[in-house]
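Trainee: I would like to go through the labels used for this structure and ask what stands behind each of them.

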There are 2 protein chains.
Amino acid sequence: MTKALVFGHKSPDTDTITAAIAYSHLKNEIGFETEAVRLGEINGETAYALEQFNAEAPRLIDKVAGETDRVILVDHNERQQSVDDLDEVKVIEVIDHHRIANFETSDPIYFRAEPVGCTATILLKLYKEHGVEIPKNIAGLMLSAIISDSLLFKSPTCTEEDVKAAKELEKIAGVNAEEYGLEMLKAGADLSGKTAEELISLDAKVFEMGGHHVKIAQVNAVDPQDILNLQEEIEKAAETAIEEEKLALFAVVVTDILNSNSAIIVKGSHVSLAEKAFKVTFINHTALLEGVVSRKKQIVPVLTEAFNEEA
Amino acid sequence: MTKALVFGHKSPDTDTITAAIAYSHLKNEIGFETEAVRLGEINGETAYALEQFNAEAPRLIDKVAGETDRVILVDHNERQQSVDDLDEVKVIEVIDHHRIANFETSDPIYFRAEPVGCTATILLKLYKEHGVEIPKNIAGLMLSAIISDSLLFKSPTCTEEDVKAAKELEKIAGVNAEEYGLEMLKAGADLSGKTAEELISLDAKVFEMGGHHVKIAQVNAVDPQDILNLQEEIEKAAETAIEEEKLALFAVVVTDILNSNSAIIVKGSHVSLAEKAFKVTFINHTALLEGVVSRKKQIVPVLTEAFNEEA
């Protein structure tokens, strides 16, 4: 039997990369041969975490069918966020904490999704359920994922379970979560020298909503104005993506990680639907969303509902 | 907050009914108010199990939105197998052991599917994870579910985990699984007096395959010939269903529970696709499928593949 490949979503973030590493390790420990791989470039925050905990980035791939017939998805389940040739292989497991959509199997599989803030929180449970000890460096990576997804426990996606998991992982990893976390987030928010095109590709996901394709990019920043200064270029890059990827909407969410709110730049044919969804009026294609920091919890559900109502 | 309703699929079988009872009890024990309900009539086998373990049948419903805004699905996830007004409420959890299809949420939820033979096997894990003791009568119901879904551990869907779970539940329930199980299966296989229409509705599920609707009814029998004697009436009833429900295919699987094989009666516009899928030639709309006893594992995947290839 070929080795199963374990990977997270395109435009990988810290949770996706570390979940692939951590889950692949667990599977190997229980006698099931796997390899962690990734579908895109490592971002600055993840690079910082990997370096801190002496871990290699998983191997970069763009297709899977040439080397395996079985894959395990972590941190995502929606087909359009996954590897392009997903249809040609069998998904044998999914470990995720997102909404479930555009996912279908012909056979029963292991599918474990929980409404927690981070895949790492579920993985910690799985390590315990299998009685496998978490190596110190993997605990550090998993802690990094929780800090990243929860913006140091400040995001509304952060649950009690995530906080508890982070405390456990902090002990195993031997770091101070608050101190280490702030440094890691800052490393990720250092976007100097990035082009507008790079900025909107770093953490971008496509969602199907009421039959339309909607792309939502999120950029975390310590000083959002640095990003907003590039608005004109961002809009142009978004327009290109809209045409090339046939998007009904492209929303760029610039999140102020210190003040916990987001500026949103929206382009596409369905801008008015976004205004209705967020109950705002866009001025020059942009608006401030007070208290909004989570794409998963505060952006995707309201937009999905608005698109479904219209459909 | 309104009470969440917990239910399994339409045409309920023993696993669906007992999973609703067992999971609702667990949720209530951990402080989350729920009620087990059902979407159809109790079959003979389930009635036997409920009586043996002094349990009430869950309340019969046909709609949910009038009384709650939140539901928990057990033993199914496909929309067309669920309550008709599912779109009007929020699915907050799914506990299942089937393929995943036609299921979508706008928010992250708790979704626990495992490739085991029975929902009860997953529920036993959940009781342990929450540290809740299983009452004797609920253990008996869960054991009944495993016996039913695994045809007394003989179905290819039956995993080591199911056998292990059954052994644990057997002790708690205080019965002999083999003896009790055979009596229960026989009670379920007593189909005397049933009309053809009733026979094909007892345990029928609709699946979406390559854009088509395919209905597969399964009838367990100790003496399959009793059922096959009604072939003409069964075909007529199937034709009516095909027209009314716009089905591409209606397969009636008559399973010989003692000899572990099935006769299949197939009607509809896509009969030749079924011949290709099962590598058989139908004579008078029927064929014997040697060693086939599981709809989930031996019928749905091959038919799905054939329909997808054609699509």
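Trainee: Why is A:Tyr180 called buried?

Mentor: This is a predicted model, and in it A:Tyr180 has a relative accessibility of 7%. Buried means under 20%, so A:Tyr180 counts as buried.

Trainee: And why does A:Tyr48 count as partly exposed?

Mentor: The value for A:Tyr48 is 23%.

Trainee: What makes A:Tyr48 and A:Tyr180 an aromatic pair that is stacked?

Mentor: Two values decide. The ring centres of A:Tyr48 and A:Tyr180 are 6.0 Å apart, and the limit for a pair is within 6.5 Å. The planes make 25°, and stacked requires under 30 degrees. Both conditions hold, so the pair of A:Tyr48 and A:Tyr180 is stacked.

Trainee: Why is this pair said to tie parts together?

Mentor: A:Tyr48 belongs to helix 2 (residues 44–52) of chain A, and A:Tyr180 to helix 6 (residues 177–189) of chain A. The two parts are 132 residues apart in sequence, so the pair ties them together.

Trainee: How many aromatic pairs are there over all chains?

Mentor: The count comes to 7. There is also one aromatic cluster, formed by A:Phe103, A:Phe111, B:Phe103 and B:Phe111.

Trainee: What describes the packing of helix 4 and helix 5 of chain B?

Mentor: An angle and a distance between axes describe two packed helices. For helix 4 (residues 136–150) and helix 5 (residues 160–173) of chain B the angle is about 145° and the axes are 8 Å apart. Their crossing is left-handed.

Trainee: Which classes of residue make the contact of helix 4 with helix 5 of chain B?

Mentor: There are 9 nonpolar, 1 polar and 3 charged residues. B:Gly140 is among the contact residues of helix 4 of chain B, and Gly counts as polar.

Key: Residues numbered from 1 in each chain as written. Chains lettered and ligands numbered in written order. Predicted model: local features only at pLDDT ≥ 70, side-chain atom pairs only at ≥ 80, totals over all residues. Heavy atoms only, no water. Axes fitted to C-alpha atoms, helices over the stretch in contact; angles between N-to-C directions. Helix = DSSP H or I, 4+ residues; strand = E, 2+ residues; numbered from the N terminus. Left-handed = near helix turned anticlockwise from the far one by under 90°. Contact = heavy atoms within 4.5 Å. Phe/Tyr/Trp six-rings, centres within 6.5 Å; stacked < 30°, edge-to-face > 60°. Buried < 20%, exposed > 50% of the residue type's maximum accessible area, 1.4 Å probe, protein only.
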